[in-house]
Amino acid sequence: MINGKPKTTILNANHPNSRKTKQLIKTKHKIAFRDKKKYVNLAKPSLLCEKLIWFRDNIDNTIEQYTQDTLSSLIEKYLSRFDHEASIIKARHKDKGNRRFASREDVIRHTIEREREEYNTAGIEVPNILEASQLLYLRTWDGDIKYLPNIKIIRFRCLNII
């Protein structure tokens, strides 16, 4: 309440086409757009974080420094991470004859195609484990997003392009 008057809201505005109502609706839309943009901006670091966690969990602890060949084989392992799940879904299709898990299968297929194309053309974003210091940091990283800027990311291309 300001000066004894109740605050105007969309519900108690005089007319749906009044200037005050349009102003309130504009403010609501602006807040909703801002919140939506905030969530979109949070999604990209979490996807990168998931990728880095996969690499952290799958790097060989006996290797002190990765070479380009060992990094290439690790990326191939990363690109084939959905093979087991995809084969299970395909086996279910043959057994039942229905496409119950079609959406998941499509997501897996699109992800594999996109990442494979990225790896073969411009390069896929991976942690820079070619440097020993970055490899050590990745091994000790706890997976927290706030420490994500400390990890150097490089674009690594397929070495044997035919």
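Visitor: Why is Gln134 called buried?

Guide: Buried means under 20% relative accessible area, exposed means over 50%, and partly exposed is in between, using a 1.4 Å probe and protein chains only. Gln134 has a relative accessible area of 10%, so Gln134 counts as buried. Before we go on, a word on the source: this is a predicted model, where local features need pLDDT of at least 70, side-chain atom pairs count only at pLDDT 80 or more, and totals for chains, interfaces and linings use all residues. Residues are numbered from 1 along each chain as its sequence is written, and side-chain values use heavy atoms, with hydrogens and water left out.

Visitor: Where is Gln134 found, and what is Gln134 in contact with?

Guide: Look in helix 5, residues 132-140. Helices here are DSSP runs of H or I with at least four residues, strands are runs of E with at least two, and both are numbered from the N terminus. Contact means heavy atoms within 4.5 Å. Leaving aside neighbours within four places in sequence, Gln134 touches Asn128, Asn150, Ile151 and Lys152.

Visitor: Is Ile151 buried or exposed?

Guide: Buried, because its relative accessible area is 5%. Ile151 sits in the loop between helix 5 and strand 2 (153-156). Ile151 and Gln134 are 17 residues apart in sequence, with 6.8 Å from C-alpha to C-alpha. With neighbours within four places again left aside, the contacts of Ile151 are Leu52, Pro127, Gln134, Tyr137, Leu138 and Trp141.

Visitor: What makes Ser46 partly exposed?

Guide: Its relative accessibility is 26%, so Ser46 falls in the partly exposed class. You'll find Ser46 in helix 1, residues 19-58. Ser46 and Ile145 are 99 residues apart in sequence, yet 7.2 Å apart in space, C-alpha to C-alpha.

Visitor: Why are helix 2 and helix 4 called roughly antiparallel?

Guide: Axes are lines fitted to C-alpha atoms, for helices over the stretch in contact, and angles run from 0 to 180 degrees between N-to-C directions. Under 35 degrees counts as roughly parallel, over 145 as roughly antiparallel, 65 to 115 as roughly perpendicular, and the rest as oblique. The axes of helix 2 (residues 68-79) and helix 4 (residues 102-120) cross at roughly 160° and come within 10 Å. That is why the pair counts as roughly antiparallel.

Visitor: Which residues meet where helix 2 and helix 4 touch?

Guide: From helix 2 come Ser72, Ile75, Glu76, Tyr78 and Leu79, and from helix 4 come Ile112, Glu115, Arg116 and Tyr119. These contact residues divide into 5 nonpolar, 1 polar and 3 charged. For that sorting, Ala, Val, Leu, Ile, Met, Phe, Trp, Tyr, Cys and Pro are nonpolar, Asp, Glu, Lys and Arg are charged, and the others, Gly among them, are polar.

Visitor: How do you know that helix 4 is close to its expected span?

Guide: The expected span is 1.5 Å times one less than the number of residues. Helix 4 has 19 residues and reaches 27 Å from its first C-alpha to its last, close to the 27 Å expected.

Visitor: Which residues in helix 4 are buried, and how is Arg109 classed?

Guide: Ala102, Glu105, Ile108, Thr111, Glu115 and Tyr119 are buried. Arg109, also in helix 4, has 38% relative accessibility, so Arg109 is partly exposed.

Visitor: How many helices and strands are there in the chain?

Guide: There are 5 helices and 2 strands, in the pattern α-α-α-α-β-α-β along the sequence. Buried residues make up 25% of the 162 residues.
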